[in-house]
Every structure is written in structure tokens, then in C-alpha cells.
Amino acid sequence: MKLNCQTFHAHNQGTWLVWLHGLLGKGDDWLPLVNACDQYASLVIDLPGHGHSADITVAGGFAGMSELLGATLSEYQINDYWLIGYSLGARIAMYHAIHGKHDGLRGLLVEGGNPGLFSQTERDVRLQNDQHWAQRFRHEEMVSVLSDWYQQPVFADLTVMQREQLIHLRSQSRGSCIADMLENTSLGHQPWLVPDLQQLTTPFAYLCGENDCKFQSIAKQYTLPLKTIPQVGHNAHYGNPVAFAVAVNHFLSLFG
């Protein structure tokens with residue numbers, strides 16, 4: 001099995017950029033960035049339960065997701081690549097970089113990705129919270145759930161217009177599919193990745209909006225290699241795609 005993907009700028013030789021979106025998103029979310037990084041070939045992936053991969057359900061949590069990612073890369077014969085992920089996609093990318101089969105991984109760019117919760121108590125609380133949201137996604141109208149979803153503190157920087165635009169964009173998602181992915185890849189199921197991330201030998205950048213207080217704090221607390229995107233919060237590539245693309249291209253340029 002492989003995930004649904006699109007390729008862009010595939011005529012470019014060398015390293016690929018592999019883009020992983022966040023929960024409720026789809027691969028197309030990255031297109032402004034893909035076009036701004038057009039000197040690289042890009043593989044834009046729809047994660048399980050999302051976009052054209054909506055009918056795919058991941059089994060086995062993060063390990064199963066990492067295997068599915070690896071199988072997708074093999075199908076496209078991509079064995080020289082950078083992973084770029086946002087939020088859920090960032091967590092998948094970090095897990096894959098540490099625990100997955102990744103012989104061709106050249107580097108890691110994560111945006112607003114939680115490296116895990118230290119205690120089992122914290123993980124249990126998070127799992128319970130995600131299961132609550134999953135039940136809502138399964139049984140309520142998407143617009144109603146999304147209206148509450150985007151009121152969470154991590155999205156506090158969104159303007160009214162941005163919030164309404166995201167609700168409109170995401171309302172086409174299938175609630176049951178989103179719920180399955182949310183439960184299977186809950187932060188409550190994710191291992192504590194911080195010690196491994198701190199010792200990662202591949203190039204690694206932790207991108208974060210300057211107004212994203214929670215993830216700025218995480219990066220500083222655990223001395224992750226923070227790169228700040230100005231004038232935006234959690235969804236930095238959406239809020240300031242130009243600055244985000246500049247940061248990505250600059251970081252990639254450091255490694256040929």
C-alpha cells in the first residue's frame with residue numbers, strides 16, 4: 001500500500017523534498033511553498049484519512065505510519081530526500097527520522113511539531129482529549145466541530161477571516177476518517193523523542209512562528225535548533241509563506 005501523492009519539478013536532479021501536512025490538511029496546502037522551492041523535486045503526500053488518501057487507514061500507530069511513508073517513498077524510487085512536516089506531519093517526520101527505515105534521509109525540517117510528552121500521565125490525558133475530539137468528528141457536523149477546533153489556544157493568532165477560511169477549507173474532510181487518524185497518531189501514542197532529537201546527526205531545523213508561544217517554549221526548553229518565522233503563530237507556512245520559503249531555501253542551501 002502507498003499514500004496518494006503528487007510530484008512537482010521532478011525534472012530536477014538530486015535530493016527530493018517530501019512534504020507532510022498537518023491534521024485536517026492535505027498535500028495541496030504546501031503548493032505555495034513547493035513553487036517557491038522549485039529548484040528541488042518535490043513529493044507532496046496526502047496523509048491517511050486526508051485528501052485523496054481519505055480511504056487509507058494507518059494501522060500500528062507511528063510505527064505503521066513510518067512504514068507506510070517508507071513504502072510510498074520506495075514506490076516513487078525516492079532514496080535521497082528531506083522531510084518537511086507541519087504539526088502532525090512534523091511529528092511523523094521526527095518519528096521516521098529516529099525510528100524509521102530512512103537510509104536516504106538527508107535532513108529534517110519540522111514546523112510546530114511536538115516532540116512528545118515525558119510522562120505516561122501526560123500521555124494518558126492527551127489520549128483522552130484526542131479521543132473526545134475524535135468522537136465529535138465522527139458524530140457532529142464538520143463545520144460545528146471545526147468552529148470549536150480553531151478556537152483552541154494554539155490557533156489564537158488567527159484572524160477572524162483566516163479562521164473562517166480554514167473552516168471552509170477543512171469542512172470537506174470526512175469526519176470519520178479524520179477521527180481515525182487523530183486517534184491512531186495521538187500525541188498520547190507518540191514516544192518521547194527529545195533525547196534522540198538532541199543527538200540527531202542529520203541536519204535538523206525546528207521552524208516556529210514567532211507568536212507561537214507554546215512551541216517557541218518547547219524549542220527553547222529542549223534546545224532544539226529553532227528558526228523563527230516572523231509575524232505568525234502556529235501555522236507559519238500558511239500565515240507567512242514568503243518568509244517560510246526563505247527560511248527553508250536558506251537552510252537547504254547550507255547543505256548543497
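This is a predicted model: local features need pLDDT of at least 70, side-chain atom pairs count only at pLDDT 80 or more; totals for chains, interfaces and linings use all residues.
Author: Residues are numbered from 1 along each chain as its sequence is written, and side-chain values use heavy atoms, with hydrogens and water left out.

Reader: Why is the pair of W82 and F255 called tilted?

Author: A search of the whole structure finds 12 aromatic pairs. Rings of Phe, Tyr and Trp (its six-membered ring) pair if their centres lie within 6.5 Å; planes under 30 degrees apart count as stacked, over 60 as edge-to-face and the rest as tilted. The centres of the W82 and F255 rings are 5.8 Å apart and the planes stand at 50 degrees, so this pair is tilted.

Reader: What makes W82 and F255 a tie between parts of the chain?

Author: W82 belongs to strand β4 (residues 81-86) and F255 to the segment after α11 (241-253), so the pair ties together parts that are 173 residues apart in sequence. Helices (H or I, at least four residues) and strands (E, at least two) are DSSP runs, numbered from the N terminus.

Reader: Why is the pair of F251 and F255 called edge-to-face?

Author: With ring centres 5.1 Å apart and planes at 65 degrees, F251 and F255 form an edge-to-face pair. Ring pairs also link W19, W30 and F244 into a cluster.

Reader: What makes β6 largely enclosed?

Author: 6 of the 6 residues of β6 are buried, so the strand is largely enclosed by the rest of the structure. F204, Y206 and C208 point one way from β6, A205, L207 and G209 point the other way, and all are buried. In a regular strand the side chains alternate between the two faces of the sheet.

Reader: How do you know that β6 pairs with β5 and with β7?

Author: Two strands pair if DSSP finds at least two bridges between them. Strand β5 (residues 105-111) is joined to β6 by 4 bridges, and the two run parallel. Likewise, 4 bridges join β6 (residues 204-209) to β7 (residues 226-229), again running parallel. Y206 has L226 as its bridge partner in β7, and L207 has K227. E111 stands opposite L207 in β6.

Reader: Why is the crossover from β6 to β7 called right-handed?

Author: A crossover is right-handed if, with the strands pointing away from the viewer, the path from the first strand over the helix to the second runs clockwise. The chain passes from β6 through α9 to β7, and this β-α-β crossover is right-handed.

Reader: What makes the phi values of T223 and L24 worth noting?

Author: Most residues other than glycine have a negative phi, and most peptide bonds are trans. Phi of T223 is near 50 degrees, a positive value in a residue other than glycine. T223 lies in the loop between α9 and β7 and is exposed, at 63% relative accessible area. Phi of L24 is near 80 degrees, also a positive value. L24 lies in the loop between β2 (16-20) and α1 (31-36) and is buried, at 2%.

Reader: What makes up the lining of the largest pocket?

Author: On a 1 Å grid over the protein atoms alone, a pocket is an open set of points where a 1.4 Å probe fits, with protein on both sides within 12 Å along at least five of seven lines; lining residues have an atom within 4 Å of a point. The largest pocket is lined by 30 residues, of which S87, R126, W149, V154 and H234 lie nearest its centre. Helix α4 (120-139) is among the elements that each supply at least two lining residues, and α4 gives the most, with 3 residues.

Methods. Buried means under 20% relative accessible area, exposed over 50%, partly exposed in between (1.4 Å probe, protein chains only).
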